[in-house]
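The report below goes through a predicted model, topic by topic. Please keep the sequence and the coordinates at hand while reading.

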Amino acid sequence: MPGACFHCGEPIGGGVPLLATIGTQSHPVCCIGCRAAVEWIDGLGLADYYRLREVTGERAAPADDYAEWDRPRLARRHVRELGADRAEATVLVEGMRCAACAWLIERALARRDGVHEATVSPLVQRVRIVFDPSRVRLPALLATLARLGYRPHPLEGDRIDALRTGERRAALKRLVVAGFGAMQAMMYAVALYAGAFDGIDPAVRAFLRWMGMLVATPVVLYAARPFFAGAVREWRARRLSMDTPVALAIGAIYTGSVVATVFGGAEVYFDSVCMFVFLLLLGRYVELRARQRAGEVADALVRLQPATAERCTEGACETIGVHELEPGQVVRVGAGATFPVDGVLRGARCRVDESLLTGESAACLREVGDEVVAGSVALDGPVEVEVRRVGPATVLSALARMVERAAAARPRIARLADAAAARFVVRVLAATGVVALTWAAIDPTRAFASAVAVLVISCPCAFALAAPSALTRAVGVLARRGVMVVDADALEAFAGVDRIVFDKTGTLTEPAIDVASLRVARGSREGALALAAALEQASTHPYARALRDAARGLALPAIADVRETGGGVLGRFDGHTLRLGRPDFALVDGDGDALVLADDAGEIARFPIVERVRAGAREAIDALQAAGVACEIVSGDHAERVQRVAVALGVAEWRARATPEAKLAHLASLRTRGDAVAAVGDGVNDAPALGGADVAITLGEGAALAQAASGIVLAGSDLGGIVDARGVARSMLAVVRRNLRWTFAYNLLAIPLAALGLVPPWLAAIGMSASSLVVVANTFAIGRTRAAARPAPPAAASVPLARVQAA
Amino acid sequence: MNIILALIPVSLVLLGVGVAAFFWAVDDAQYDDLDTPALAPLVDDDATRTDEPARR
């Protein structure tokens with residue numbers, strides 16, 4: 001039994017072993033596509049990829065024909081002319097996983113004739129290609145990417161990319177200016193503090209102060225500009241938040257210190273102001289990186305609607321861009337392809353997978369004259385569709401707008417610490433004013449020094465850091481456990497969630513082959529399973545994965561001419577044509593709801609499809625219910641299927657046959673009742689409902705649109721991540737509260753002392769730094785208590801869990 | 001002690017050079033991708049490769 005495929009890492013079936021040769025060594029591979037990919041990569045002299053990569057590659061997909069991307073009207077939207085022999089295109093590359101992928105893509109493209117440069121950004125999964133359009137065309141470049149095993153999606157314009165890059169670079173520059181400034185200013189400050197003890201030449205003291213001012217000026221005027229800009233924005237909107245007090249504090253400390261330097265005051269605080277700006281910018285930079293990484297997922301929307309369509313006129317068909325279509329024209333859609341437009345079916349009836357829009361897991365039959373919608377998949381074909389609505393008028397676009405609206409209507413979760421810090425700083429500013437006025441009445445020479453001492457010792461650093469540091473730590477801890485936090489508000493909101501609404505299909509369940517009730521017409525059970533798994537070896541359909549799982553450990557025969565069509569898979573074995581798929585595909589007059597394997601002589605075996613509860617779902621729901629979180633299932637599926645899953649998982653509340661609108665309405669009614677609701681789903685059909693919950697959680701395997709609207713994404717399919725996320729979110733909130741209490745107590749003690757003029761500058765600075773350090777140290781408590789937060793995973797994942805008959 | 005009157009301005013000039021160099025590096029996309037270039041030295045390059053000048 002050979003092990004995993006050298007290229008893609010998937011298990012290799014038995015039968016005739018396929019070997020790919022690199023140099024003198026042979027490596028086992030799982031399919032012809034992967035062998036071609038390995039040998040082609042080696043042929044380019046890029047075999048080092050296999051040594052450098054951290055994650056195994058995508059299964060190599062057969063290179064599609066990308067010729068239609070050369071159509072002038074389509075190319076104009078995706079290719080930008082830069083000059084006589086230079087054009088630029090930005091391509092989103094699906095399947096890019098690690099730095100080695102980036103390296104491979106960059107080299108493979110750069111080696112093509114006519115490519116000037118190929119710049120890969122692994123962070124955002126994009127390649128910017130500058131090429132000579134007279135020597136190489138975009139389709140050839142896309143085919144190159146496809147042959148490497150990636151799926152290329154040309155993007156329209158990269159203005160957003162440029163914007164993001166600019167934002168990131170500006171933030172980095174500000175951070176470094178503030179950091180350098182803080183280090184320098186601190187050195188002069190140490191000399192000044194030492195001078196305060198041991199005596200210092202007034203001339204040297206003045207010199208050090210001027211130097212401090214020289215260093216602090218760019219920090220305040222350049223690095224701290226976002227705070228001033230934010231304060232102005234807040235002031236215009238009549239809304240007081242973090243930026244206003246921060247800007248005021250920076251401005252006041254800096255102005256006071258400049259006055260003290262020029263006219264000879266008691267103290268200067270250039271070090272404090274630089275350190276303050278640096279720490280705040282550091283927090284913001286980390287947040288910016290996390291936010292940008294998450295925002296890229298939203299671009300996945302591009303992938304949902306096909307960009308090209310086959311237009312038919314008088315029997316002849318040509319491939320054109322979807323935006324060129326007009327209502328009344330006729331397009332042809334092949335089996336397994338996605339409808340590019342909303343329209344009316346003509347010519348022949350066909351089965352349509354509308355799970356995208358309705359959440360219905362079973363395909364539905366559309367008769368001639370029925371409406372079909374963009375984004376749904378034609379299971380039979382080819383069919384002809386008369387165009388009714390294109391682009392923004394389609395149901396899919398309306399769905400996308402619904403997601404946006406639902407997300408926009410979400411009440412903004414006011415951040416606990418932000419509000420507390422804003423209130424606090426307002427009070428500190430008031431106190432500073434009072435102190436200054438009081439001292440002005442008693443002893444005017446000490447008024448400014450005391451007022452600034454109050455501002456410094458009460459430096460809102462600790463408050464400003466309380467939430468971001470805990471949040472950063474929590475996001476980091478969760479990321480290591482496979483839980484991606486897309487929206488920081490979501491994590492905070494999730495800590496207070498008392499009800500979780502699960503979608504069923506694809507979230508709590510996955511399709512599986514019910515081996516126990518497998519019916520064999522001819523031959524042995526193992527033989528039939530092995531044949532079926534061998535046929536499905538290259539397919540990515542969930543049923544194919546289920547069949548491969550069921551046949552795990554069996555030696556798979558080698559099957560020739562495997563072809564995947566909309567209805568199923570065809571292949572040749574032992575001189576017979578094998579057909580595997582829905583009964584009406586595999587047999588002449590088949591019916592039923594199972595997968596059927598047949599050859600020329602008729603049925604060989606029938607594999608009943610069941611819905612199997614995902615591994616870990618029961619444990620996750622038990623843990624959530626034990627923690628006092630109400631769980632319920634809301635699904636678009638049939639009542640009896642939903643009920644079976646609900647019973648198997650011990651969930652008392654469930655709803656079936658819920659449309660996206662009904663889901664949204666249900667969530668709204670729950671929230672009106674006062675529940676804090678989280679919605680867990682996987683697909684696009686959940687997206688509106690997900691957007692309508694307080695917290696949206698998606699499984700990483702689900703469609704990308706839902707991820708764009710969700711706050712938390714579980715990588716992989718482990719529902720235990722929900723329990724993890726809840727534990728971490730709660731401990732994060734606890735740490736934030738503890739930090740705020742601690743900071744409050746410290747300030748309550750320190751501010752009166754400073755106001756009385758009892759705190760020397762060095763002590764004020766130490767107090768400020770120490771309070772910030774304690775706040776950061778506190779955050780390390782987050783994520784320490786994993787064992788308590790989550791029950792141990794089941795001992796053996798392969799043990800069959802509660803099975804739920806689907807049909 | 002008067003030496004610090006000369007040395008501190010010198011250190012500030014050096015600081016300015018450092019910041020300028022960093023700004024150049026950021027604008028030259030040196031910080032946009034921190035993962036891929038780490039692999040470059042591990043690769044045995046053929047001497048004939050000429051794609052570097054094109055990547056300016």
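## Nonpolar cores

In this predicted model, the largest nonpolar core holds 66 residues, and the members that touch the most other members are Ala474(A), Phe494(A), Ala679(A) and Met732(A). A nonpolar core is here a set of buried Ala, Val, Leu, Ile, Met, Phe, Trp, Tyr and Cys residues joined through C-beta atoms within 7 Å; a residue is buried if 20 or more other C-beta atoms lie within 10 Å of its own, exposed if 12 or fewer, and partly exposed in between, with C-beta atoms placed from the backbone. Helix 26 (residues 720-755) of chain A supplies the largest share of this core, ten residues. Helices (H or I, at least four residues) and strands (E, at least two) are DSSP runs, numbered from the N terminus.

A second, separate core has 58 residues, including Ala249(A), Val428(A), Ile457(A) and Ala750(A). Returning to Ala679(A), its contacts, not counting residues up to four places away in sequence, are Val501(A), Leu667(A), Ala689(A), Leu690(A), Ala693(A), Ala696(A) and Ile697(A), where contact requires C-beta atoms, placed from the backbone, within 7 Å.

## Numbering and confidence

Residues are numbered from 1 along each chain as its sequence is written, while chains are lettered from A and ligands numbered from 1 in the order in which they are written. Because the model is predicted, local features need pLDDT of at least 70 and side-chain atom pairs count only at pLDDT 80 or more, whereas totals for chains, interfaces and linings use all residues.

The model scores ipTM 0.78 and pTM 0.53. For chain B the mean pLDDT (the predictor's confidence in each residue, from 0 to 100) is 75, and 66% of its residues reach 70 or more. Within chain B, residues 47-56 have pLDDT below 50, and beyond near neighbours in sequence this stretch has four contacts in the model. Chain B has one helix and zero strands, and buried residues make up 2% of its 56 residues.

## Annotated spans in chain A

UniProt, in an unreviewed entry, places the feature "transmembrane region" at several spans of chain A, among them residues 175-195 and 740-759; its positions are given in the numbering used here, feature names are shortened, and annotations may be inferred rather than shown by experiment. Residues 175-195 of chain A are 100% helix and 0% strand, with end C-alpha atoms 30 Å apart, while residues 740-759 of chain A are 80% helix and 0% strand, with end C-alpha atoms 23 Å apart.

Chain A has an open sheet of six strands, in the order 9-8-10-16-11-14 with antiparallel pairing, two strands being paired if DSSP finds at least two bridges between them. Its edge strands, strand 9 (316-321) and strand 14 (371-372) of chain A, each pair on one side only. Strand 11 (residues 342-346) of chain A runs antiparallel to strand 14 of chain A and is joined to it by two bridges, and Gly343(A) stands opposite Val372(A) in strand 14 of chain A.

In helix 5 (residues 138-147) of chain A, the buried residues include Leu138(A), Leu141(A), Leu142(A), Thr144(A) and Leu145(A). These residues lie on the same side of helix 5 of chain A because they cover an arc of only 150 degrees around the axis, the arc being that of the directions from the helix axis to the C-beta atoms.

Asp380(A) sits in the loop between strand 15 (377-378) and strand 16 (383-389) of chain A, and counts as buried because 22 other C-beta atoms lie within 10 Å. Glu81(A), in strand 3 (residues 79-81) of chain A, counts as exposed, with 11 C-beta neighbours inside 10 Å.

Methods. Two residues are in contact if their C-beta atoms, placed from the backbone, lie within 7 Å.
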